[in-house]
Every structure is written in structure tokens, then in C-alpha cells.
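Reader: I am new to this structure and would like to learn how to read the place where two chains meet. Could you take me through it step by step?

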Amino acid sequence: MCVLSGRALFRWPLEWRELIMQCWFLLSVTILPTIMAAIPLTVLLTFTLNLLLAEFGAADISGAGAALGAVTQLGPLTTVLVVAGTGSTAICADLGARTIREEIDALEVMGIDPIQRLVVPRVLAATVVASLLNSLVIIVGLVGGFAFSVFLQHVDGGSFLSTLTLVTGLPEVVIATAKAVSFGLIAGLVGCYRGLTVSGGAKGVGTAVNETVVLCVLALFAVNVILTTIGVRFGTGH
Amino acid sequence: MANVAVVRARFPRAVARFGRFAGFPGRVLDGFGRMVWFTLMSVGAIPLTLRRYRAETVRLIASIGMGTGALAVVGGTAVIVAFVTLSGASLVAIQGFASLGNIGVGVFTGFFAALVNVRIAASVVTGIALAATVGAGATAELGAMRISEEIDALEVMGVNSIAFLASTRVVAAIVVILPLYGLAMVMAFLSPQLVTTVIYQQSSGTYDHYFRTFLRPEDVFWSFAEAAVIATIVMITHCYYGYTAAGGPVGVGLAVGRSMRFSLTLVVIVAMVASLALYGVDPNFNLTV
């Protein structure tokens, strides 16, 4: 499946219309959960880090902590959860429904390659949407961290802003984007694969979506650990 | 009255669009009310469940703990929760070691692991793993039952379907989460230690000293309580979406996706509220004793 879609990726013509439709669909499904999950996580992270830094007597570098947390962990992690829990389930439910209704077989009979027509646009769309969501979460994280630290935990606003870039630089942002892109790719592939191999009616579709979530969460956590290790190795401050 | 009929007949599309947008808050409120009603019904029926459907509850405890179908092949819920908390906790250690090292306090990695894993990471990560495995599985199962009209058949036979299907699952989730979360805790303790002392070569005495000093039994207790609350809420959410699935096989798939979306948000909100309530007034740790 991976090989087939990898090969189809470079075969023209790309289905632009389907790609844009899928991007729109995925964004409309994921944007609300992303924001709703990002805000509490931001508060949680900022709150704990500020307690910790205040205890060290270093509350004035809470900006550094918030930026590091938001860019390196919060952004990719929330993207993982939302892309795995929301994006790939939507893809899987959609393709699974088509498989059950034998639309995929009909496409093949008509001589249309479902991989090129359906899978490639979805995988690309998941990748694009994941990278966009990542930046959304980072922005929510930074703004939320600022609001929570400055207005509720009485950190000085100026020192928050000035320490924002202390340990977070371009490498962190690049790694975070790379993480998000690879998560989107994996989630899209898993969702499409389980969606196309559905069998057994209503129960089958439900089980397929369930397995998609589990596989995605497992794969994405594993990939996150590896990419974080790489990111820490080449990050700012080393 | 006649004017309304004329306007409706003259501009059908505009009226329909108005109804769609103006009725939106009402529909949201309606859906919320149904969810609350379902929650009350399923929690209220727990005594009845424990009295009458004990065999079904025991069966569900076994199937949730071990996992069914394709999940059992990769080792069931326990292995998945263990793996996910393992990754999550080692993430904390990797990032914590590097970041604390940047400000010159790399020796505090043990303290960081004890604090963050117990208070935040383990419960959130376990909650999400539980939602993905057990919760989504319950939605798929109940949704398939609803679509094939098995739930209606239960009602016709005089079985209280919410008590038989939802309450049993909630009880089973609460029973299963305790040993499962114990396993997750062990993973969350072991993996940062391995990462820090074996991979990053910090001396194990330093790590153990800071880890043990700042690992507080109360924190662990509250963490367990938080996990139990998360499991209950996740299970009720997923049962609700499965119980109210509609629209054929497609509807089941959509219901699983929708329930995942909702429970993701709920898990982090519960974690945030718990953390603010428990540690907001008094952070409960002193580095400079």
C-alpha cells in the first residue's frame, strides 16, 4: 500500500480538485477539536512549568519554558492526537463506507486506480493539514501561555516576551514541522489502508475505525520519541 | 399565520437556511441535554446493573482487559496502554533532560519525571490510550448493535438497554482502569529512569535521589483518582455515541470518529481541572527544604 501510493504520488495528473476538497474536509473536521484540546493542554503545561520555575527562583524565564513546551512538545503532540483521533478516523470512515457500498470495486471496473484517485489526495491532504494544525497549536500555545502566565500567574510580560526565544530557535520549529508532516503522512496512510480493507458490514466499519485510532496512536507516539531524540540532539543550545 | 405560509412558499431556500443557522444553538443545547440525560441514566442504573447483570459485567471486564478481535493479536489493551505510556514517559525524560540541561540543572531530571509523569503525563496518556482502544471499541460495538436493531430487540424483550449495555461497560471500565493504571504508572517510572541513566548516562544515584525525594504518595493517589474519573467519562461518552448511532454502516464509522473527537477534548479538560484544583493553591513541593 505504501509503495503503491508512493509510486502514485509522482504520477501525473494529480487530482487537484480532490486534494483541495479533502484539505477542506479534514480542516473542517479537525480545527475545533484542535483548539479545544490545545487550550487546556497549554494551561496545564504553563501552569506546571511556572510552578517549577518559580520554585527555582527563575519565574522570569517562564517565556522560555512556555515557548519550548509549545513548539517542541505541545504542537506535535496535540497534532498527533487530533490527526490520529479525528483526521484518520474521518478518512477511514469515509473510505470504509465506500468500500462497503462497493464503490471502490466499481472504480476499479471502470479502469480508475483508487490509489491514485482517492488515496494520494487524502494522504497529501492529511500531510498539509497536519502541518497547518501544528502551527495553529503553536500559536494557541504561545498566546495562551502568555495570557495564563502574565494575567493569572503574575509573570512580568516583558520578561516573558524577551525570554521567548532563549532556548527555542529555528531548529526546534523545523523539527516540529517535520514531526507534524510525518504524523500527517502516517495517519493518512493508516486511515486509507484500513478504510480500503474494510469487510463485514456495520460492525466491520466500526472495528476498522477503532483499529485505525489504535494503530495511529501507537505509531505516532513511537515516531514522536524518535524525532524528539533527533530534535534534542540538533536543537538550539547544544 | 397566512403571511408566514406565504413567505415560506415564496422563499423556501431562505427559510430553510434561516432555520439551519438560527436553529443551531437550539440543536447544540438539545444534543447536550440528551448527553446529560444519558449520563444520568447510565450512572443511575449502576446499582441495578450490579444486582441483575453481574455475568455480563464480568464478561465485559474480561473483554476490556484483554481486548477483542484484532486488538488481542497485538496483546490487548494492557500492552497498548503500557507501550503508549512508555513512549510518553520517555518523551518527558528526553525533553526534560535536554531542557533542564540547557539551564544547567540536568540533575533534576528525576524530579521532573516524578512531577510531570505523575501529575500530568501518565493520566492524560492513559486516558487517550483507553479512549482509542476500549472506548472506540465500545462505540463500534454498540453502534453496530443499534444499526442491526439489536438494541430495539433488547428493549422489546423488556431488558433495560442502558443498564445492560452502558452501565455494565462503565462499571467494567472503572474496575479495569485500576490495575491498568498501575501498569501504566510502572512504565512511567521505569522508562524515564532507563532513558536518563542508561542512554544519557546520568549517574543512577543522582536520578534515584531526586526521583524518590519528589515522588509523593498523595500525588500518586490523586493520579489514580484522576484516571478513574477519566475512564468513567470516556466510557460514558463512547457509549452515548454508540447508543445513538444512526445511518447505516457509514453512521457507525462516523460515530466512532465523533466520539473520539469529543473524548479527546474531555480527557485534557479533566486533566486541566484536576491539576488546577489539586495544585493551584499550593504546588505541594519544596525544592529548598
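Author: Let us begin with area, keeping in mind that this is a predicted model. Chain B and chain A bury about 4,500 Å² between them, and 82% of that lies on carbon and sulfur atoms. On the side of chain B, the residues that lose the most area to chain A are Leu91(B), Gln95(B) and Arg261(B), which together account for 13% of what that side buries.

Reader: Which elements of chain B give two or more residues to the side that touches chain A?

Author: They are α6 (70-73), α7 (76-102), α8 (109-147) and α13 (248-279) of chain B, and the largest share, 18 residues, comes from α13(B). By class, this side of chain B has 39 nonpolar, 15 polar and 2 charged residues.

Reader: How many salt bridges does the rule find across the interface of chain B and chain A?

Author: The rule finds 0 salt bridges there, and the count of residue pairs in polar contact between the two chains, with both residues at pLDDT 80 or more, is also 0.

Reader: How should I read two helices that pack against each other?

Author: Two packed helices are described by the angle between their axes and the distance between the axes. Here the axes of α2 (residues 16-56) of chain A and α8(B) come within 12 Å and cross at roughly 145 degrees, and the crossing is right-handed.

Reader: Which residues make the contact of α2(A) with α8(B)?

Author: From α2(A) come Leu44(A), Thr48(A), Leu49(A) and Leu52(A), while α8(B) supplies Phe111(B), Phe112(B), Leu115(B) and Ile120(B); these residues divide into 7 nonpolar, 1 polar and no charged.

Notes:
Residues are numbered from 1 along each chain as its sequence is written. Chains are lettered from A and ligands numbered from 1 in the order in which they are written. This is a predicted model: local features need pLDDT of at least 70, side-chain atom pairs count only at pLDDT 80 or more; totals for chains, interfaces and linings use all residues. Side-chain values use heavy atoms; hydrogens and water are left out. Buried area is the accessible area (1.4 Å probe) that two parts lose on being put together, summed over both. A salt bridge is a side-chain nitrogen of Lys or Arg within 4 Å of a carboxyl oxygen of Asp or Glu. A polar contact is a pair of N or O atoms within 3.5 Å; within protein, one must be able to donate a hydrogen and the other to accept it, and residues adjacent in sequence count only if both atoms are side-chain atoms. Helices (H or I, at least four residues) and strands (E, at least two) are DSSP runs, numbered from the N terminus. Ala, Val, Leu, Ile, Met, Phe, Trp, Tyr, Cys and Pro count as nonpolar, Asp, Glu, Lys and Arg as charged, and the others, Gly among them, as polar. Axes are lines fitted to C-alpha atoms, for helices over the stretch in contact, and angles run from 0 to 180 degrees between N-to-C directions. A crossing is left-handed if the near helix is turned anticlockwise from the far one by less than a right angle, and right-handed if clockwise. Contact means heavy atoms within 4.5 Å.
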